[in-house]
Amino acid sequence: MQKLDYRWHLREVMAMRGMFATTDLRPLLAERGIELSPSQVYRLVTERPERLNLAVLMALLDILGCRMEELVEPVAAQAPAVRRAAGQDDAGRSGGAGVGEFRPRRARVLPAPEDGPAK
């Protein structure tokens, strides 16, 4: 089963209708009984909402004169990136310049020279 995600196109739909400022939207929402703060309207326009009240969605559709498909576009979810250990190929095999070639060499401690006391 393929997982679904979505794209939020409120800003683009607003621009196509000649609305370029988030402040244009707030009084129109208020006319429809939706009271949002300026920061809530800003986030609604500029960010992708994780949750959305259906009354707000219906008000947006009415204000913009658009269909839901224009505002919310369903898309296939991106598969999470697979993390591999350094130096492994796609099959998980070590090869090439792996970590082993970058390990430090053991230090060799030499006795102090017998030149006399240090100055």
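The mean pLDDT over the chain of this predicted model is 83, and 76% of the residues reach a score of at least 70. Confidence in the chain is highest in helix α4, at 97. Confidence is lowest in strand β2, which spans residues 72–76 and has a mean of 91.

Helix α3 runs from residue 38 to residue 46, and its buried residues are V41, L44 and V45. These residues lie on the same side of α3, because they cover an arc of only 95° around the axis. The elements that cover the buried residues of α3 include strand β1 (4–8) and the helices α1 (10–16), α2 (25–31) and α4 (54–64).

Y42 also belongs to helix α3. With a relative accessible area of 46%, Y42 is partly exposed, as this value lies between the limits of 20% for buried and 50% for exposed residues. In sequence, Y42 is 17 residues away from L25. In space, the C-alpha atoms of Y42 and L25 are 9.3 Å apart.

T22 is located in the loop between α1 and α2. The relative accessible area of T22 is 18%; residues under 20% count as buried, and T22 is therefore buried. When neighbours within four places in sequence are left aside, T22 is in contact with V41, Y42 and V45.

Note on methods
Residues are numbered from 1 along each chain as its sequence is written. This is a predicted model: local features need pLDDT of at least 70, side-chain atom pairs count only at pLDDT 80 or more; totals for chains, interfaces and linings use all residues. Side-chain values use heavy atoms; hydrogens and water are left out. Buried means under 20% relative accessible area, exposed over 50%, partly exposed in between (1.4 Å probe, protein chains only). Helices (H or I, at least four residues) and strands (E, at least two) are DSSP runs, numbered from the N terminus. The arc is that of the directions from the helix axis to the C-beta atoms. Contact means heavy atoms within 4.5 Å. pLDDT is the predictor's confidence in each residue, from 0 to 100.
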